[in-house]
Amino acid sequence: MNALPRIDRTLTPGQMRNLKLRNLAIGLAVGFLAVLFYVITIVKVGPGVFQPMP
Amino acid sequence: MSLVTQENPIAGVAVPAEYAAGPREFFSLMKPRVMSLVILTALAGILIAPGHVHPVIGFASLLAISIGAGAAGALNMWWDADIDVLMARTRLRAVPSGMIPAGEALYFGVTLAFLAVLTLAAAANFQSAALLAFTIFFYVVIYTMWLKRLTPQNIVIGGAAGALPPVVGCAAVSGSVTLDSLWLFAIIFVWTPPHFWALALVKSRDYERAGVPMMPNAKGAARTRLEILIYSLLLAPLGVAPWLVGMAGALYAAASIVLGAMLLWLAARVYLTRDGANANKVCMQLFGFTILYLFVLFGLLVFERGFGLFARWGL
């Protein structure tokens with residue numbers, strides 16, 4: 001199988017900064033969603049979710 | 001940062017050669033100013049709904065509705081990039097200016113739409129999630145893709161999408177569409193034509209260049225001024241309706257009567273001032289005032305309901 005040709009691309013400092021900011025924003029959004037869904041679950045199921053099954 | 005610039009193939013303006021879009025540009029795709037209005041009107045819908053809502057569920061619902069509105073805005077910018085570039089008001093938006101490739105705006109909008117509907121279904125109920133999905137569909141497919149370039153009634157019918165957030169908010173709490181939420185829907189629905197047509201009268205050349213059949217360039221300025229007056233005559237009493245049906249208190253009543261009278265005065269001025277340097281100025285005054293009108297009415301509704309003034313003092 002032939003290897004794909006290698007593409008060399010150097011990012012400028014501006015591109016790098018924007019890329020990092022975008023990655024950070026996506027990471028924060030995903031983290032926030034995870035916390036939000038966790039809290040929603042607790043609110044909907046109630047504190048009983050922490051009680052051990054009889 | 002690179003200082004090298006290249007010719008943007010769409011806009012014909014110089015943009016940085018580097019990939020210029022950061023989080024701020026993506027956020028601008030969501031039309032933040034429209035989102036702020038959606039947040040306020042959806043919050044009013046949540047607060048007028050019968051029954052109690054847990055603050056976390058209320059917050060998550062409001063967030064989902066506003067993100068849904070943002071998704072619709074991003075998809076609108078993706079589809080409309082070809083005409084946005086032709087209009088002075090919109091040519092610097094992120095897609096037509098070349099800051100964000102159209103395909104990325106599409107992925108961004110679709111992702112946000114799915115997340116918003118999913119979050120509302122998880123936080124509130126399927127009824128409100130279905131309504132939110134319908135709202136996004138209506139705005140993107142019915143209004144943006146179909147009606148906007150087809151008929152001067154585009155913003156009249158398309159206005160239904162902008163009027164739905166309070167209905168979605170109410171459904172998130174109650175699980176159904178209540179009569180009270182339909183009053184709020186009606187206010188925003190009737191508010192939309194005078195709001196947009198006041199601007200369209202000033203920007204009619206822009207719309208004409210882009211081939212968008214807005215009322216002023218499709219039916220003429222005189223007909224537009226008459227229709228603005230007619231819709232304002234409908235809106236002024238409709239704005240008082242939440243108080244008349246017992247949904248709002250005295251503060252709201254006083255404001256809606258005063259603002260309604262001011263709206264009619266401005267609409268009459270737009271109708272009468274047809275030529276000269278003052279004509280555009282009066283139109284822009286009405287355009288600005290309609291924004292204030294909606295913000296104040298829904299703001300007072302939220303204030304009265306949110307702070308318990310309505311229940312506590314029967315205001």
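I'll begin with the conventions, then the residue, then the domains.

This is a predicted model: local features need pLDDT of at least 70, side-chain atom pairs count only at pLDDT 80 or more, and totals for chains, interfaces and linings use all residues. Residues are numbered from 1 along each chain as its sequence is written, while chains are lettered from A and ligands numbered from 1 in the order written.

So, B:Arg149. Where is B:Arg149 placed? In the loop of chain B between helix H6 (126–147) and helix H7 (154–163). Helices here are DSSP runs of H or I, at least four residues, numbered from the N terminus.

B:Arg149 counts as partly exposed because 14 other C-beta atoms lie within 10 Å. The cut-offs: buried is 20 or more, exposed is 12 or fewer, partly exposed is in between, with C-beta atoms placed from the backbone.

Leave aside neighbours within four places in sequence. B:Arg149 is then in contact with B:Gly211 and B:Val212. Contact means C-beta atoms, placed from the backbone, within 7 Å. There is also B:Ile83: 66 residues away along the chain, with a C-alpha separation of 9.8 Å from B:Arg149.

Now the domains. Chain B is assigned domain 1 (23–177) and domain 2 (190–304); such bounds come from an automatic or database assignment. The C-alpha centres of these two domains of chain B are 22 Å apart. Across the interface, 20 residues of domain 1 of chain B contact 21 residues of domain 2 of chain B. On the domain 1 side, helix H2 (32–48) and H7 of chain B each give two or more residues. H2(B) has the largest share, seven residues.

Notes. Contact = placed C-beta atoms within 7 Å.
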